[in-house]
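Trainee: I would like to go through this structure with you. Could we take it one element at a time?

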Amino acid sequence: MAQELEIEFKNMLTKEEYSSLLTTYQLENDIKTQTNDYFDTADFLIREKGAALRVRNKKDSLVLTLKQPAEEGLLETHQSISFETFQAIKKNGALPEGEVGSQLLELGIQDKLLHLGRLTTHRAELALDEGLLVLDHSEYLKREDFELEFEVSGFEAGERAFNDLLQQHQIPKRAAKNKILRFFLASQEQA
């Protein structure tokens, strides 16, 4: 089963802070674009479990991912899918056999899925000694936002390094909801 534990710290950024970090770390020419299509059941059972289901298109490769809470961080279950399978999920609301569907069943979710929409992220990454620095510019539902993510292997040391990074660049702490929740809240506001 393709699973990994993700421990990351997040902070929302202003456009100016985002641009400054891109320049400081010389990442302006290293931005890659990816799209995330989000899914849930009609009554949001996946979200209710604190989980999220997406299909990420990155470099013409599609990966179905279920993120669910773990003791520390998030447990991610990945499954590569074809474009035809992706279209079938959007049309029929049923997952293909595999790891992600099995994990959803373990969560007690077997309802039909609905396509909630798409979010596009322009992402720059840099491996630092303390962890992976990720700068995201996301666009969705006629909105945009900017975010710093810091992926680490250990929670306590990672948290210290993340706080030091913010302090070093004089960036105030700002809570960052995960992308699917920001997307969902924006869609509710437009409804």
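The conversation below covers a helix, a strand, the aromatic pairs and the nonpolar cores.

Mentor: Please bear in mind throughout that this is a predicted model.

Trainee: Understood. Which residues of helix H4 are buried?

Mentor: In H4, which spans residues 99-106, the buried residues are Val100, Gly101, Gln103 and Leu104. They cover an arc of only 160° around the axis, which puts them on the same side of the helix.

Trainee: And what does the face turned away from that buried side carry?

Mentor: That face of H4 carries the exposed residues Leu105 and Glu106.

Trainee: What covers the buried residues of H4?

Mentor: The cover includes strand E1 (2-13), helix H2 (45-48) and the strands E3 (52-58), E4 (61-69) and E5 (74-81).

Trainee: What follows H4?

Mentor: Gly108 follows H4, and its phi is positive, near 80°.

Trainee: Let us turn to E3, then. How many of its residues are buried?

Mentor: Five of the seven residues of E3 are buried, so the strand is largely enclosed by the rest of the structure.

Trainee: Which strands are joined to E3 by bridges?

Mentor: Strand E2, residues 32-41, runs antiparallel to E3 and is joined to it by five bridges. Within that pairing, Phe39 has Leu53 of E3 as its bridge partner. E4 is also antiparallel to E3, with seven bridges between them, and there Val55 is partnered by Leu64 of E4.

Trainee: What lies between E3 and E4?

Mentor: The two strands form a hairpin with two residues between them. Lys59, in the turn, has a positive phi of about 55°.

Trainee: Changing topic: how many aromatic pairs are there in the whole structure?

Mentor: A search of the whole structure finds eight. One of them is formed by Phe9 and Phe155, a tilted pair at 5.2 Å centre to centre with 50° between the planes. This pair links distant parts of the chain, as Phe9 is in strand E1 and Phe155 is in helix H5 (residues 155-168), 146 residues apart.

Trainee: What about the pair of Phe39 and Phe86?

Mentor: Their ring centres are 6.5 Å apart and their planes stand at 90°, so this pair is edge-to-face. Phe39 lies in strand E2 and Phe86 in helix H3 (residues 83-92), so the pair ties together parts that are 47 residues apart in sequence. Phe39 is buried, with a relative accessible area of 1%, and Phe86 counts as buried at 3%.

Trainee: Which residues do ring pairs link into a cluster?

Mentor: Phe9, Phe155 and Phe162 are linked into a cluster by ring pairs.

Trainee: Finally, the largest nonpolar core. Which residues there touch the most other members?

Mentor: That core has 20 residues, and Leu13, Leu21, Leu135, Leu148 and Phe150 touch the most other members. At least two residues of this core come from each of E1, helix H1 (15-24), strand E7 (132-140), strand E8 (143-152) and H5.

Trainee: What is Leu13 in contact with, leaving aside its neighbours within four places in sequence?

Mentor: Leu13 is in contact with Tyr18, Leu21, Leu135, Phe146, Glu147, Leu148, Ile171 and Arg174.

Trainee: And what does the second core include?

Mentor: The second core is separate and has 17 residues, among them Ile46, Ile89, Leu107 and Leu113.

Methods: Residues are numbered from 1 along each chain as its sequence is written. This is a predicted model: local features need pLDDT of at least 70, side-chain atom pairs count only at pLDDT 80 or more; totals for chains, interfaces and linings use all residues. Side-chain values use heavy atoms; hydrogens and water are left out. Buried means under 20% relative accessible area, exposed over 50%, partly exposed in between (1.4 Å probe, protein chains only). Helices (H or I, at least four residues) and strands (E, at least two) are DSSP runs, numbered from the N terminus. The arc is that of the directions from the helix axis to the C-beta atoms. Contact means heavy atoms within 4.5 Å. Two strands pair if DSSP finds at least two bridges between them. Rings of Phe, Tyr and Trp (its six-membered ring) pair if their centres lie within 6.5 Å; planes under 30 degrees apart count as stacked, over 60 as edge-to-face and the rest as tilted. A nonpolar core is a set of buried Ala, Val, Leu, Ile, Met, Phe, Trp, Tyr and Cys residues joined through side-chain atoms within 4.5 Å.
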